[in-house]
Amino acid sequence: MSMLKVEDVNVYYGSIHAIKGVSFEVNQGEIVTLIGANGAGKSTTLNTVSGLLKPKSGTIEFEGKSVVGVPAHKILREGMALCPEGRRIFSQLTVEENLQMGAYTRPNSEIADSIADIYDRFPRLKERYKQVAGTLSGGEQQMLAMGRALMSKPKLLMLDEPSMGLAPILVEQIFEIIVEMNKRGTTILLVEQNAQMALSIAHRGYVLETGRVVSTGTGAELLNDDAVRKAYLGG
């Protein structure tokens, strides 16, 4: 069943046509990845879907309802959460305070259980729950950003460049966590520079080039596609 359906979306920054007729969908229970070079329009697409940018034209439906023009905080309440590029944690707050901030759409009575669930998924955060978030390592900050996004109990979690700036061993850890989140029932839309890793865990993928979808297929199909390999996988 289609959870998110994006059709013929066009987005402009002033006179710059950043997203050119992009269409894709994410079905319930899937990991879908958008890959492409820097400047291809991946983050702009996520920001548009999550309500931070308004498209000039096109349709975006979440669970059959249009979300075009709906403010970002209301889209979050509907069940779509964005874990933004660069993590954007509250660096002066503790780990636990950051998690509490992620739960502002939820009843107070559910917050303690949700925090316990996040600590179960991310034991490192439990160890550091009183630590000021700005003093965490890059990998820990990424875990915190993902945990904070999960605090809203999203049906669809959008991840923007979760591996950015992380050491290879941490990248593997983050991708294992993404697979685990998906197994626990969270549908995932993943934007990622590391095309090899993204396609290796994705059910399906879309390749963006200069604001257009130029190729689509299963993760395995795209991994084995010569043009994709040449452009994004170093051979």
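Before you start, note that the model is predicted: local features need pLDDT of at least 70, side-chain atom pairs count only at pLDDT 80 or more, and totals for chains, interfaces and linings use all residues. Residues are numbered from 1 along each chain as its sequence is written, and side-chain values use heavy atoms, with hydrogens and water left out.

**Stop 1: two helices side by side**

Select residues 138-150, which form helix α6, and residues 168-183, which form helix α7. Helices here are DSSP runs of H or I with at least four residues, strands are runs of E with at least two, and both are numbered from the N terminus. Two packed helices are described by the angle between their axes and the distance between the axes. What are those values for α6 and α7? The angle is about 15°, and the axes are 10 Å apart. Axes are lines fitted to C-alpha atoms, for helices over the stretch in contact, and angles run from 0 to 180 degrees between N-to-C directions. The two helices α6 and α7 are therefore roughly parallel to each other (angles under 35 degrees count as roughly parallel, over 145 as roughly antiparallel, 65 to 115 as roughly perpendicular and the rest as oblique).

Now show the side chains. From α6, select Gly139, Gln142, Met143, Met146 and Leu150; they meet Leu170, Gln173, Ile174, Ile177, Ile178 and Met181 in α7. Contact means heavy atoms within 4.5 Å. Of the residues in this contact, 8 are nonpolar, 3 are polar and none is charged. In this count, Ala, Val, Leu, Ile, Met, Phe, Trp, Tyr, Cys and Pro are nonpolar, Asp, Glu, Lys and Arg are charged, and the others, Gly among them, are polar.

**Stop 2: salt bridges**

Side chains of opposite charge can pair when their charged atoms come close. How many salt bridges does a search of the whole structure find? There are 12, where a salt bridge is a side-chain nitrogen of Lys or Arg within 4 Å of a carboxyl oxygen of Asp or Glu.

Begin with Glu161 and Lys42, whose side chains meet in a salt bridge at 3.9 Å, N to O. Glu161 sits in the loop between β7 (156-160) and α7, and Lys42 in helix α1 (residues 42-49), so this pair ties together parts that are 119 residues apart in sequence. Are these two residues buried or exposed? Both Glu161 and Lys42 are buried (buried means under 20% relative accessible area, exposed over 50%, and partly exposed in between, with a 1.4 Å probe and protein chains only). For Glu161 the relative accessible area is 4%.

Next, select Asp120 and Arg184, which meet in a salt bridge at 3.6 Å, N to O. Asp120 belongs to helix α4 (residues 108-121) and Arg184 to the loop between α7 and β8 (187-191), so the pair ties together parts that are 64 residues apart in sequence. Arg184 is partly exposed, at 39% relative accessible area.

Glu127 is exposed at 59%, and Arg128 is partly exposed at 25%. Then highlight Asp117, Asp120, Arg121, Glu180 and Arg184 together: salt bridges that share partners join them into one network.

**Stop 3: a walk through the loops**

Go to Glu63, in the loop between β4 (57-62) and β5 (65-66). Glu63 has a positive phi of about 50°, although it is not a glycine, and is partly exposed at 35%.

Move on to the loop between β6 (80-83) and α3 (95-101), where you will find Arg88. Arg88 is exposed at 58%. Ile89 is in the loop between β6 and α3 too, but Ile89 is buried, at 15%. Leaving out residues up to four places away in sequence, Ile89 touches Asn98, Ala133, Gly134, Gln141, Leu144, Ala145 and Arg148.

Finish at Ala40, in the loop between β3 (31-35) and α1. Ala40 is buried, with a relative accessible area of 4%. What does Ala40 touch, not counting residues up to four places away in sequence? Select Leu208, Glu209, Thr210 and Gly211 to see its contacts.
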